[in-house]
Amino acid sequence: MEYKVKQRIQAFQEENKDRARLLIKCPDQPGIVAAVTSFLYENGANIVESSQYSANPEGGNFFIRMEFDCPGLQEKRAQLEKSFEPISDRFQMEYEFRYVHQIKKTAIFLSKEPHCLLELLWEWQSGDLMMDIVCVISNHEESRETVEALNIPFYYIPANKDIRKQVEEKQLRILKEHNVELIILARYMQILTPEFVAHYPNKIINIHHSFLPAFIGARPYERAYQRGVKLIGATSHYVTNDLDEGPIIEQDIERVNHRDRVEDLKKIGRSIERSVLARAVKWHLEDRIIVDGNKTIVF
């Protein structure tokens, strides 16, 4: 299986060696699209996908995601980025070129519950999540066998609030060793400190149930059952220093009723969590998300 995954990644990288994405956020004003498309044309690029959004034409921000092919991109990229600077200065752009062949090095954090990890591993093996899973870090041993069977390094680091600083120091060393670019919290039941989060702004994706803030804390499904909720769901978001209040990437819900017991609610919730997290990760890997304050624009 490891060989097939590596083959698939190598084929993807070869196929996309001349493809890039340009993400832009700037004050809305006339001429932005014309300037960007003309620039790409003049540099021999062919736009294959383009999306744009204006928060408000009168004083709001303007967002663009363009995906393009450019023959000889690897040799051109430095000059391409440099020659774009006058346009970015003119329109006061925050922008970034992302190169599709550069597969993001990813770490997965989890605790006991394996359902989100298993979904990510399945999507990764099938080629639907094009990422390089370089390690899995957990404060429980339960998933070691599953992870190591795929030749992915597994790190067991016991964690609790009393030793949080020491734990995060170990985690950061591992992440640095593996050059991690994206962290997925696949039901990692520990709070990250602001110091940890500062190392990976908008690069830590979390998943949690959507009862918040009504049932914050422990045993949310039990308390939701007692209240007779009619909708349950899940939210995936970027992690910030405000607990579970970072920019939302994706959400979903499912109706339930009085016949659903606590275990039924948990089963339904796990199913929603798996799919919501996988979609959020996929959109991040495909550079479809632009963060605007505490919101996201998802193209």
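Modeller: A pocket, on a 1 Å grid over the protein atoms alone, is an open set of points where a 1.4 Å probe fits, with protein on both sides within 12 Å along at least five of seven lines; its lining residues have an atom within 4 Å of a point. The model here is predicted, so local features need pLDDT of at least 70 and side-chain atom pairs 80 or more, while totals for linings use all residues. Residues count from 1 along each chain, and side-chain values use heavy atoms, without hydrogens or water.

Biologist: How much space lies in the second largest pocket?
Modeller: Volume here is the space filled by probe spheres set on the grid points, joined across faces, edges and corners. For the second largest pocket that comes to about 600 Å³.

Biologist: Which element gives the most to its lining?
Modeller: The lining has 21 residues, and among the closest to the centre are Leu23, Glu96 and Asp287. With 6 residues, the top giver is β4.

Biologist: And which element has the largest share of the largest pocket's lining?
Modeller: That pocket holds about 960 Å³. It is lined by 38 residues, with Arg187, Tyr188, Met189, Gln190 and Asp244 closest to its centre. Helices (H or I runs of at least four) α8 (220-227) and α9 give two or more residues, as does β9 (204-209). The largest share, 4 residues, comes from β9.

Biologist: Which residue with positive phi follows α9?
Modeller: Helix α9 spans residues 262-285. After α9 comes a residue with phi near 55°, and that's Asp287.

Note on methods. Expected span 1.5 Å × (residues − 1).
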